[in-house]
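Colleague: I am new to this one. Please show me the model, and then let us go through it.

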Amino acid sequence: MAESFGNQLRSAMAARGQLCVGIDPHPSLLREWGLDQDVVSLKRFSFTLLEAVADLVPAIKPQVALFERFGSAGFAVLEELLATAREAGVLTIADAKRGDIGSTMTAYAQAWLDEASPLAADAVTLSPYLGFESLRPALDLASEQGRGVFVLALTSNPEGPSVQHVGAADPEGSVAARIVRSAAEENTRAAKTGGGWGSTGLVIGATVGEALRSLQIDLGSLQGPILAPGFGAQGATAADLRAVFGAAYSQVLATSSRGIAVVGPESVALRAATQQALAELAA
Ligand SMILES: O=C(O)c1cc(=O)[nH]c(=O)n1[C@@H]1O[C@H](COP(=O)(O)O)[C@@H](O)[C@H]1O
């Protein structure tokens, strides 16, 4: 049986470090790279970034919306990018933030996690705000296929707490604490058969400050990866990540999109920015 996604990522992080490079072809970045606002430029941007960092980092994370805005032609670029990344030996996290009622969730799971799909990635980001169990089709398909998921728990945006902190005084804990617990239970089940890291990761922003402590969220039993956006362009530093995650820091995969891409389009500069971020996260 294929190695689980959790353990593939754990080995890749041990070998290469704790940075995921986000591939987010924003209109402003295309402009800064001297590119047009078209599909040829979308492809040039995405492949330049992939080729510059593929041998340096454990994972890349294309932001699906920024391909989707070009319709089917944008999706075709994303399909080719995912296939090329796979050939290059770097793990792929499709940042699609999917979440729907179970029957529809099955189709989203097939799109992003099924070997037969042209959009299959190694992992996909999911939103649990229709209820954690609504994600079941994706959790099960991921585990069957040696793939993974990252479930939004505490997001990096300022509006997140209005939903995720609700219930802090409740005996069952806040909304975010319940999501963390559900992910940990998923990984505990997986550990009984596989050992090591489970493939149900969490998304917890590098910008959440004291939230883990104030919401009494314990990451000790997660046994899985934590994707931490907010490093770089959103203002969080490597020191902030260490302060936010404490003992769980070794499970953290920081992700940076604009913070790396902004130095492009020259490969030398993209590689230098990536190596510097890796060094800061390892220091
Ligand atoms: O799931 C995500 O990746 C995500 C969750 C979150 O809480 N905050 C967040 O910024 N993200 C994504 O992470 C990336 C951050 O981009 P930069 O701020 O440019 O590094 C974007 O693609 C966001 O959609």
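Modeller: This is a predicted model, where local features need pLDDT of at least 70, side-chain atom pairs count only at pLDDT 80 or more, and totals for chains, interfaces and linings use all residues. Residues are numbered from 1 along each chain as its sequence is written.

Colleague: Are α3 and α5 roughly parallel or roughly antiparallel?

Modeller: Helices are DSSP runs of H or I, at least four residues, numbered from the N terminus. The axes of α3 (residues 39-53) and α5 (residues 71-88) come within 10 Å and cross at roughly 20°. Angles under 35 degrees count as roughly parallel, over 145 as roughly antiparallel. So α3 and α5 are roughly parallel.

Colleague: Is S46 buried or exposed?

Modeller: S46 is found in helix α3. A residue is buried if 20 or more other C-beta atoms, placed from the backbone, lie within 10 Å of its own, and exposed if 12 or fewer. S46 has 25 such neighbours, so it counts as buried.

Colleague: Which residues is S46 in contact with, leaving aside its neighbours within four places in sequence?

Modeller: Contact means C-beta atoms, placed from the backbone, within 7 Å. The C-alpha atoms of S46 and L81 are separated by 7.4 Å, though the two residues are 35 apart along the chain. The contacts of S46 are I23, P25, P62, V77 and L81.

Technical notes: Axes are lines fitted to C-alpha atoms, for helices over the stretch in contact, and angles run from 0 to 180 degrees between N-to-C directions. Helices (H or I, at least four residues) and strands (E, at least two) are DSSP runs, numbered from the N terminus. Angles under 35 degrees count as roughly parallel, over 145 as roughly antiparallel, 65 to 115 as roughly perpendicular and the rest as oblique. Two residues are in contact if their C-beta atoms, placed from the backbone, lie within 7 Å.
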